[in-house]
Amino acid sequence: MKPLPSGDVPALPHIGSGKVREIYEVDSDRLLFVATDRISAYDVILGQLIPDKGRVLTGVSLHFFDLLDTPNHLLTTDLSDIPGLSGPELAELRGRAMVVRRATVIPVECVVRGYLYGSSWREYQDGGGPTTEHLPPGLKLADRLPEPIFTPATKAQTGHDENITEARTREMLGDGLYEELRKRSIDIYLRASEYAATRGVILADTKFEFGFAGDELLLIDEVLTPDSSRYWPADEWVPGQEIPSFDKQYVRDWLDSTDWDRSPPPPDLPAEIVEGTRSRYVEAYDRITGRSFEDYVAATR
Ligand SMILES: Nc1ncnc2c1ncn2[C@@H]1O[C@H](COP(=O)(O)OP(=O)(O)OP(=O)(O)O)[C@@H](O)[C@H]1O
Ligand SMILES: [Mg+2]
């Protein structure tokens with residue numbers, strides 16, 4: 001299927017672009033939330049699109065909104081009552097768009113980690129940082145933590161998100177909201193990890209966003225996708241080693257094999273890397289949801 005370059009929906013007011021998503025206004029309470037086929041790595045948007053990636057992200061999010069049954073922003077995937085969408089637009093949007101409740105985004109990325117990896121491992125090795133405040137000494141790379149930890153990061157407007165301490169987060173949010181976000185985030189992580197285990201997958205860490213619609217606190221954004229989460233095949237987890245994941249590792253590995261310095265412009269992805277990346281996203285959909293991506297796409301037609 002044709003990759004979606006810009007998520008362009010002329011019928012609706014465009015109110016925002018993220019690295020991956022385009023957001024349109026349906027009315028004062030509702031947004032059209034569209035996952036494009038863009039891919040970012042090291043916080044830089046790459047020049048090539050990954051066909052179907054947006055559908056994978058939306059399909060996985062829908063799977064978890066359904067499974068988790070926690071207050072969230074999803075209203076519907078039925079686009080038929082949105083005025084002004086043409087046939088070709090609808091065909092492009094199906095499977096990648098959801099109508100969501102418009103929320104005031106809480107400017108903190110709610111990260112939960114069950115294993116020591118990524119930026120947290122780097123902090124741990126460097127003598128400690130915001131994410132390692134509550135960790136015992138003597139842990140190895142990819143070790144399972146004694147219990148999942150809540151390690152928020154700031155939503156940076158530009159550049160890289162930054163891990164922040166518990167004290168700083170409490171200052172930003174107030175104790176009440178801090179406690180509520182931690183409780184909800186860890187609860188969702190635990191339930192999602194239990195589910196992932198039934199699929200032979202470890203949910204090493206993940207990131208949630210929350211927002212307020214009126215005074216209701218909602219889980220928003222994408223949920224438990226390969227872009228927002230680190231998933232490992234359970235049978236490939238060996239503490240002390242790097243673990244291959246279902247996320248962008250494949251693309252990152254290719255980028256690391258070039259002499260790119262991680263500032264724009266990024267190098268062009270060769271066609272076989274685009275195709276390899278696409279098939280990994282589709283595989284991730286099948287593996288995580290236990291359903292077939294082809295069936296998902298067929299059901300959206
Ligand atoms: N229900 C909602 N109401 C309003 N904004 C939302 C809602 N759900 C998600 N968002 C916002 O929509 C954007 C999604 O875009 P995308 O995922 O492409 O952004 P990103 O690359 O993660 O980074 P950034 O947030 O820095 O733009 C995010 O900014 C997110 O906070
Ligand atoms: Mg995002």
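The protein carries 33 positive and 51 negative side chains. The centres of these two sets lie 2 Å apart. The model described here is predicted.

Eight helices and 15 strands make up the secondary structure. The C-alpha atoms fill a box of roughly 60 × 50 × 40 Å along the principal axes. For 301 residues, a compact globule would have a radius of gyration near 19 Å. The protein has 19 Å, and so agrees with that expectation. Of its 301 residues, 53% count as buried. The exposed surface comes to about 13,800 Å². Carbon and sulfur atoms supply 49% of that surface. Contacts were also sorted by distance along the chain. Among those with a separation of 6 or more, 66% join residues 24 or more positions apart.

Helix H4 spans residues 166-173. Its buried residues are Glu166, Thr169 and Leu173. These residues lie on the same side of H4, because they cover an arc of only 65° around the axis. Ala167 and Glu171 are exposed on the other side of the helix. The cover over the buried residues of H4 includes strand S9 (108-115). Helix H5 (175-198) is also part of that cover. Just after H4 comes Gly174, which takes a positive phi of about 90°.

Thr58 sits in helix H1, which runs over residues 53-68. Thr58 has a relative accessible area of 4%, under the 20% limit, and therefore counts as buried. Neighbours within four places in sequence were left aside when its contacts were listed. The remaining contacts of Thr58 are Ala35, Gly95, Arg96, Ala97, Met98 and Tyr296.

Pro264 belongs to a loop. That loop lies between helix H6 (249-256) and helix H7 (271-289). The relative accessibility of Pro264 is 62%, over the 50% limit, so the residue counts as exposed. Pro264 and Gly47 are 217 residues apart along the chain. Their C-alpha atoms are separated by 10.0 Å.

Technical notes: Residues numbered from 1 in each chain as written. Chains lettered and ligands numbered in written order. Predicted model: local features only at pLDDT ≥ 70, side-chain atom pairs only at ≥ 80, totals over all residues. Heavy atoms only, no water. Helix = DSSP H or I, 4+ residues; strand = E, 2+ residues; numbered from the N terminus. Rg over C-alpha atoms; globule rule 2.2 N^0.38 Å. Buried < 20%, exposed > 50% of the residue type's maximum accessible area, 1.4 Å probe, protein only. Contact = heavy atoms within 4.5 Å. Areas by Shrake-Rupley, 256 points an atom, 1.4 Å probe, with all protein chains shown as cover. Lys, Arg positive; Asp, Glu negative; His and termini not counted. Charge placed at Lys NZ, Arg CZ, Asp CG, Glu CD. Arc of directions from axis to C-beta.
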